[in-house]
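Okay, thanks for having me.

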Amino acid sequence: MTKIHPTAIVDAAAKLADDVEIGPFCIVGPDVTLQARVRLLSHVVVDGVTTIGEDTVVHAFSALGGPPQHLGYKGERTELLIGPRNVIREQVTMNTGTASGRGVTTIGADGFFMAEAHVAHDCTVGDNVVLAKGATLGGHVDVGNFVFVGGLAAIHQFSRVGRYSFIGGLAAVTKDVIPYGSVWGNHAHLEGLNLVGLKRRGFSRESINALRAAYRLMFADEGTFQERLDDVVETYSAVPEVMEIVDFIRADGNRPLCLPEREV
């Protein structure tokens, strides 16, 4: 049975699963869909064309589905889609897309969004992503699965962040981050591979060793970057994790890439 606190304001047109819980002083707009077992704890605002997936818990003072913070937005009908089993902590903000962009902001499943994290318009966030306190995604950012973004880090609009990568706290990320990479600093530079994360996620020793060897070859001093990339393909074409990095880089060769600050 749906539980709605008497102080909550829920539009009659909102679509609520039978077992949704809406706590005190929450506001739910007419174009909102709350799927099974969603819980809005208190003082949560869910607006716009927003869908929140099953078993997601939203903590106090979060604002989800507000209009994009974009000067070109003229009130078009755009969306926010949040997948299942996310934990959204206090004061998190997630905006809908823009008509000039994808038109939708998408959050995957099983994410953990700590206090004051922000996901801007037209972002795509994968599964099992962690945004630590105050982490910020600019518009049109593409974040892969199992990414960890450290506290107060900011990722510039239109950047790509590959799977299983790690963004250090306070980092200012203005370029693409390779899958499995670890970046730090302002502006962020590549510090190596996210070895701690890979071990925690159960990657085999063989895969990690291959990634380390390919990384050293890819970012060595000898030859051009393209020559080194070709050498990596020739040597490690049978290692899917290595080829994922190569494919990520080759997907758009004109995009700026976070690179090491010193020799590897």
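**A histidine, a sheet and some salt bridges**

Let's start with His-59, which sits in the loop between β10 (57–58) and β11 (63–66). Keep in mind as we go that this is a predicted model. So, is His-59 buried or exposed? His-59 comes out at a relative accessible area of 16%, and because the cut-off for buried is under 20%, we call His-59 buried.

What does His-59 touch, if we skip residues up to four places away in sequence? There's Leu-41, Ser-42 and Val-44, and then a run of Val-87, Ile-88, Arg-89 and Glu-90. Arg-89 also shows up in a polar contact: its side chain and that of His-59 are joined at 3.5 Å.

Okay, zooming out to the sheet. We have eight strands in an open sheet, with parallel pairing. If you want to trace it on screen, go β3, β6, β9, β12, β15, β18, β21, β24. At the edges you find β3 (15–16) and β24 (160–161); each has a single partner strand, so one side of each has no neighbour in the sheet.

Let me pick one pair out of that. β12, residues 79–82, runs parallel to β15, residues 104–107, and four bridges join them. If you'd like a landmark there, look for Leu-80, which stands opposite Thr-105 in β15.

Now, salt bridges. How many does the structure hold? Eleven, and I'll take you through a few.

One is Arg-77 with Asp-31, where the side chains meet at 3.5 Å, N to O. Arg-77 is in the loop between β11 and β12, while Asp-31 is in the loop between β5 (27–28) and β6 (32–34), so this pair ties together parts that are 46 residues apart in sequence. On accessibility, Arg-77 is exposed, at 63% relative accessible area, and Asp-31 counts as partly exposed at 35%.

Next up, Arg-37 and Asp-55: here the closest N and O atoms are 2.7 Å apart.

Lys-133 lies in the loop between β19 (130–131) and β20 (136–137), and Glu-116 in the loop between β16 (112–113) and β17 (118–119), so parts 17 residues apart in sequence get tied together. Lys-133 counts as partly exposed at 45% relative accessibility, and Glu-116 is partly exposed too, at 37%.

Last thing, the overall layout. The protein chain is divided into domain 1, covering 3–143, and domain 2, covering 198–251. Taken over C-alpha atoms, the centres of domain 1 and domain 2 are separated by 36 Å.

That's my tour, happy to go back to any of it.

Terms used. Residues are numbered from 1 along each chain as its sequence is written. This is a predicted model: local features need pLDDT of at least 70, side-chain atom pairs count only at pLDDT 80 or more; totals for chains, interfaces and linings use all residues. Side-chain values use heavy atoms; hydrogens and water are left out. Two strands pair if DSSP finds at least two bridges between them. Helices (H or I, at least four residues) and strands (E, at least two) are DSSP runs, numbered from the N terminus. Buried means under 20% relative accessible area, exposed over 50%, partly exposed in between (1.4 Å probe, protein chains only). A polar contact is a pair of N or O atoms within 3.5 Å; within protein, one must be able to donate a hydrogen and the other to accept it, and residues adjacent in sequence count only if both atoms are side-chain atoms. Contact means heavy atoms within 4.5 Å. A salt bridge is a side-chain nitrogen of Lys or Arg within 4 Å of a carboxyl oxygen of Asp or Glu. Domain bounds come from an automatic or database domain assignment.
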